[in-house]
Amino acid sequence: MTKKKTVYIETTIPSFYYEIRNAPEIIAQRNATRRWWNVERGRYQLLTSAAVLRELLDGAHPYQKEKLALVSALKAFPITHDVARIADVYIKRKLMPQELYGDAVHLATASLESCNFLLTWNCKHLANANKFEHIHHVNTMLGLYVPTITTPAGLISEEGNDEEV
């Protein structure tokens with residue numbers, strides 16, 4: 001039996017699953033997220049972290065309970081000293097700004113835990129081809145695995161392309 005590849009589920013995934021805005025780009029992202037979650041996720045072992053749960057618990061927002069329920073059954077890695085140390089290096093190496101420390105924690109967790117993929121809609125600081133070389137360089141320098149950072153649209157198999165959401 002082949003071991004399933006691992007996917008770190010970042011906060012934007014449950015958020016876009018329940019997204020309610022009506023802009024065409026947002027609707028496309030919501031639909032891609034739902035298609036991936038409903039059709040593709042069974043092909044993978046899904047993981048998340050305490051940082052995702054904390055972000056989903058912060059404040060009040062539409063479908064908060066549903067978003068939490070979507071990821072509550074997933075194995076959630078703690079925010080360890082090692083994760084914090086790696087996230088600090090990402091900030092110091094300008095992979096992302098200090099105010100986006102949570103993004104650094106997501107990348108640090110996925111890297112430290114050798115997740116095959118980090119699934120996100122954060123295309124500015126994570127799923128950004130212009131940042132990949134920098135991420136690869138820093139992770140290599142730290143001796144860390146480099147996960148493939150992608151959106152749900154980028155992780156749809158050929159077998160799942162024709163299936164309904």
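Predicted model: local features only at pLDDT ≥ 70, side-chain atom pairs only at ≥ 80, totals over all residues.
The chain holds seven helices and five strands. Read from the N terminus, its elements follow the order β-α-α-β-α-α-β-α-α-β-α-β. The radius of gyration is 15 Å, close to the 15 Å that the globule rule gives for 165 residues, so the chain is as compact as a globular protein of that length. Along the principal axes, the C-alpha atoms fill a box of roughly 45 × 40 × 30 Å. Of the 165 residues, 48% are buried. Among contacts between residues at least 6 apart in sequence, 73% link residues at least 24 apart.

Helix 2 covers residues 24–40. From its first C-alpha to its last, this helix of 17 residues reaches 23 Å, close to the 24 Å expected at 1.5 Å a residue. Its buried residues are Ile26, Gln29, Arg30, Ala32, Thr33, Trp36, Trp37, Val39 and Glu40. An α-helix has 3.6 residues a turn, so residues three or four places apart point the same way. In helix 2, Ile26, Gln29, Arg30 and Thr33 are among the buried positions. The partners against which the buried residues of helix 2 pack are strand 1 (5–9), helix 1 (12–17), strand 2 (44–49), helix 4 and strand 4 (117–119).

Arg30 has no salt bridge, although it is buried. A salt bridge requires a side-chain nitrogen of Lys or Arg within 4 Å of a carboxyl oxygen of Asp or Glu, and the nearest side chain of opposite charge to Arg30, that of Glu19, is 6.8 Å away. Leaving aside residues up to four places away in sequence, Arg30 touches Phe16, Tyr17, Glu19 and Arg21. Glu19 is thus among the residues that Arg30 touches, yet no salt bridge is formed by Arg30.

Helix 4, one of the elements that helix 2 packs against, spans residues 64–72 and contains Lys67. Lys67 is likewise buried without a salt bridge. Its nearest side chain of opposite charge is Glu19, at 6.5 Å. What does the side chain of Lys67 join through a polar contact? The partner is the side chain of His61, and the contact is 3.1 Å. Beyond residues up to four places away in sequence, Lys67 touches Pro14, Ser15, Tyr18, Leu56, His61 and Pro62.

Key:
Residues numbered from 1 in each chain as written. Heavy atoms only, no water. Helix = DSSP H or I, 4+ residues; strand = E, 2+ residues; numbered from the N terminus. Buried < 20%, exposed > 50% of the residue type's maximum accessible area, 1.4 Å probe, protein only. Lys, Arg positive; Asp, Glu negative; His and termini not counted. Contact = heavy atoms within 4.5 Å. Polar contact = N/O pair within 3.5 Å; in protein donor to acceptor, adjacent residues only side chain to side chain. Expected span 1.5 Å × (residues − 1). Rg over C-alpha atoms; globule rule 2.2 N^0.38 Å.
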